[in-house]
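Here is a walk through one chain, from its overall make-up to single residues. Keep the sequence and the model side by side while reading.

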Amino acid sequence: MLRVLPDPAPSVTERQSLSDGPADVDTESLEVATVRERTSVVSQVVTLVAVVVPAAGILSAAGLLWGVAFRPLDLVLGLVLYVLTGLGITVGYHRYFTHRSFEAVGAVKIALAVLGAMTLQGPVTQWVTDHRKHHARSDSEGDPHSPHLAGDGIVGAVKGLWHAHVGWMFTTKGMERGAAYGRDLFEDRTIRLIDRLYLVWVVLSVGVPFLVGYAVTGSVDRGVEAMVWAGLVRIFAFEHATFAVNSICHTFGRRTYDARDQSRNNWFVALLTFGEGWHNNHHAFPRSARHGLALAQVDVSWMVIRLLERCRLVRNVKLPTTAQISRVPRVEVASA
Ligand SMILES: [Zn+2]
Ligand SMILES: [Zn+2]
């Protein structure tokens, strides 16, 4: 049974401090710029519409089709795959591969890389290099997906949010010198192989729900139905939940720490992304394995890491020391 740790903030005693680890992933020391303190109301309204409308569309379609072309098997399979592949991104691509927040045994490393690839968010090396660059240049020139670099006014707000949510993938994704941000991954032969097999993981991501649907019901039609809901719709849902970390969590929510960028803590995104929505905390302490630093900030990915640690599958889990937490200034400025 998973549980949230009782301590309101991570303590230091038996854990690794954030300064431990390979220097080549230490994006904290790279230069970042200060941007304006507040985002615009227009920007927030556009974001809200962009998030709510597609989700409402899917939910109404699911309701209308329930019992006809959307059934319990599709729902359960979709939820299971959403959680497993989603953790591949949050625990795997993000906290393990990008920030090296813990060390993992080989089987866990491979499983996380494959599950992450099954979200169709790209090979792990590309994801990691883009994300390390995001931290290095957060909300300043060079950030691959900041919503704050497209100018002022309504046009700038709309363009910025579009760019941060999905537009950046058509322009700046993977365009930088990947090796500079991902030498550890480029030198890892296992990761090179998993990256080369990326299309296999893509096919598995839609093929597994089809095969399960077909195996359980004996019907090709039900296999296709499971593939649509537990494959395509599930991929779409988690894609946008993840994209929301880039767009919403740099626009909408509360700043607790002065992380020198526009990162925000957003409980709703945290709910959809297993804790990744505590994004202001994360920018303040990028190498921490735990993003939900307060007791009420539920962080499912952290619970999973704790579980894996107890099973001795991961070790050297990194958390900020109390001294490191106290050194980062608090701002407590909500977006307005
Ligand atoms: Zn960010
Ligand atoms: Zn990060």
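Helices and strands are DSSP runs, numbered from the N terminus: a helix is a run of H or I with at least four residues, and a strand is a run of E with at least two. By that rule, the chain holds 14 helices and four strands. The model is predicted, so local features need a pLDDT of at least 70, side-chain atom pairs count only at pLDDT 80 or more, and totals for chains, interfaces and linings use all residues. Residues are numbered from 1 along each chain as its sequence is written, while chains are lettered from A and ligands numbered from 1 in the order in which they are written.

The term pLDDT stands for the predictor's confidence in each residue, from 0 to 100. Its average over the chain is 84, and 83% of the residues score at least 70. Residues 1-15 stay under 50, and the pLDDT is also below 50 over residues 19-37. Where pLDDT is low, the predicted coordinates should not be read in detail.

Burial is judged by counting other C-beta atoms, placed from the backbone, within 10 Å of a residue's own: 20 or more make it buried, 12 or fewer exposed, and anything in between partly exposed. Of the 336 residues in the chain, 47% are buried. Two residues are in contact if their C-beta atoms, placed from the backbone, lie within 7 Å. Among contacts between residues at least 6 apart in sequence, 70% join residues at least 24 apart.

Next come the nonpolar cores, each a set of buried Ala, Val, Leu, Ile, Met, Phe, Trp, Tyr and Cys residues joined through C-beta atoms within 7 Å. The largest has 31 residues, and F102, A113, V114, V124 and I305 have the most contacts inside it. Two or more residues come from each of α2 (72-98), α3, α4 (124-136), α8 (189-196) and α13 (300-310). Of these, α2 gives the most, with six residues. Beyond four places in sequence, I305 is in contact with V91, R95, F102, A289, V314 and V317. Another core, of 23 residues, lies apart from the largest one; F238, A241, C249 and W278 are among its members.

A104 lies in strand β1 (residues 103-104) and is buried, because 22 other C-beta atoms lie within 10 Å. Its contacts, leaving aside neighbours within four places in sequence, are Y96, K109, L313 and V314. The C-alpha atoms of A104 and N316 are 8.8 Å apart, although 212 residues separate them along the chain. V108 is in helix α3 (residues 106-117) and counts as partly exposed, because it has 18 C-beta neighbours inside 10 Å. Residues up to four places away aside, V108 touches L308, L313 and V314.

Two loop residues have a positive phi. Most residues other than glycine have a negative phi. In F274, phi is near 55 degrees; this residue is in the loop between α11 (267-272) and α12 (279-284). In R312, phi is near 60 degrees, and its place is the loop between α13 and β3 (314-315). F274 is buried, because it has 25 C-beta neighbours inside 10 Å, whereas R312 is exposed, because 8 other C-beta atoms lie within 10 Å.
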